[in-house]
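Here is a short tour for anyone meeting this structure for the first time. Keep the 3D view open as you read.

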Amino acid sequence: MPTEPAAPGGLQGLLPAAVYDKENRLSAVRPYRPGDRESLERFYAHFTPKREAQGLPPEGAPRIARWLDSILRAGTHLLVEHEGRLVGHAMIMPTDRPGVSEYAIFLEEAVRGQGLGTEVNILTAQVARTLRIDRLWLSVEPRNRPAVRSYENAGFRFKPETVLTPELEMELVL
């Protein structure tokens, strides 16, 4: 039986990880590997709704490829698989603020609303702590109540100065 390659950056023992949704369905979270690129491109080509969160993911294969080229160079990328199929991508991206990284997660529509996102958010926070990141920051549209609730359940808190703005900012102190 093939073994999973060691997790990058001292994440052995944390990744790969098993996570369960509200219905106790098992999904796996593991680090991105270069051989996953084609699967990730397909995931985003079929992702809905398009451009819902701050214009992401982009539409069309060329734009998706350029976007992935830019984001996969840096940060930590986690893939979420259910029954051997890619259903999510979470990323921790460096920012120009020391100790603060940006967080984003994209889940296939079919697995949303089942608590999987919250479990991945919690696991990603553990990954960030292991990487010695001080804070995770994200931006979310206020009308995306399920995402806001999921982030809150994982410990993220609103930055008060953004509560009445078109984009809410949330942070998780690690």
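## Strands 4 and 5

Let's start with strand 4 (85-94) and strand 5 (100-107), which run antiparallel and are joined by seven bridges. Keep in mind that this is a predicted model. To see how the two strands line up, look at a couple of positions: Gly88 has Leu107 of strand 5 as its bridge partner, and Ala90 stands opposite Ile105, also in strand 5. The hairpin these two strands form has five residues between the strands, and Gly99 there takes a positive phi near 80°.

How many of the eight residues of strand 5 are buried? Seven are, so strand 5 is largely enclosed by the rest of the structure. Ser101 has a relative accessible area of 8%, and because the cut-off for buried is under 20%, it counts as buried. Setting aside neighbours within four places in sequence, Ser101 touches Ile92, Met93, Pro94, Thr95, Ile133, Arg135, Leu136 and Trp137.

## The rest of the sheet

Strands of a sheet pair through backbone hydrogen bonds, in either a parallel or an antiparallel way. Here eight strands make an open sheet with mixed pairing, in the order 1-2-3-4-5-6-8-7. Strand 1 and strand 7 (157-158) sit at the edges with a single partner strand each, so one side of each has no neighbour in the sheet.

On one side of the pair we began with, strand 3 and strand 4 run antiparallel, joined by seven bridges; Leu79 has His89 in strand 4 as its bridge partner. Their hairpin has two residues between the strands, and Glu83 takes a positive phi near 50°. Strand 3 also pairs with strand 2 (residues 26-31), in the antiparallel sense over four bridges, and the partner of Arg30 in strand 3 is Leu79. Strand 3 is mostly covered, with six of its seven residues buried. Strand 5, for its part, pairs with strand 6 in the parallel sense over three bridges, and Val100 has Arg135 in strand 6 as its bridge partner.

## Helices against the sheet

Helix 2 lies across strand 3, strand 4 and strand 5, at about 50° to strand 4. The loop between helix 2 and strand 3 holds Arg73. Is Arg73 buried or exposed? Its relative accessible area is 68%, and because anything over 50% counts as exposed, Arg73 is exposed. Arg73 and Met93 are 20 residues apart in sequence, and their C-alpha atoms are 9.8 Å apart in space.

Helix 1 (residues 37-45) has four names to find: its buried residues are Arg37, Leu40, Phe43 and Tyr44. They are on the same side of helix 1, because they cover an arc of only 120° around the axis.

The largest nonpolar core has 33 residues, and Tyr103, Tyr151 and Phe156 have the most contacts inside it. Several elements give two or more residues to this core, among them strand 1 (17-20), strand 6 (135-140), helix 4 (145-153) and strand 8 (168-173). Helix 3 gives the most, with six residues.

Tyr103 is worth a click. Leaving out neighbours within four places in sequence, its contacts include Ala90, Ile92, Val120, Thr124, Leu138, Tyr151 and Phe156. There is also a second, separate core of 16 residues, which includes Leu40, Ile64, Leu72 and Phe106.

## The whole chain

Zoom out and you can count four helices and eight strands in the protein chain. From the N terminus on, the elements run β-β-α-α-β-β-β-α-β-α-β-β. The radius of gyration is 15 Å, close to the 16 Å that the globule rule gives for 174 residues, so the chain is as compact as a globular protein of that length.

The C-alpha atoms fill a box of roughly 50 × 35 × 35 Å along the principal axes. Buried residues make up 44% of the 174 residues. Among contacts with a separation of 6 or more, 56% come from residues 24 or more positions apart.

Key
Residues numbered from 1 in each chain as written. Predicted model: local features only at pLDDT ≥ 70, side-chain atom pairs only at ≥ 80, totals over all residues. Heavy atoms only, no water. Buried < 20%, exposed > 50% of the residue type's maximum accessible area, 1.4 Å probe, protein only. Arc of directions from axis to C-beta. Contact = heavy atoms within 4.5 Å. Core = buried A, V, L, I, M, F, W, Y, C linked by side-chain atoms within 4.5 Å. Pairing = 2+ DSSP bridges. Axes fitted to C-alpha atoms, helices over the stretch in contact; angles between N-to-C directions. Rg over C-alpha atoms; globule rule 2.2 N^0.38 Å.
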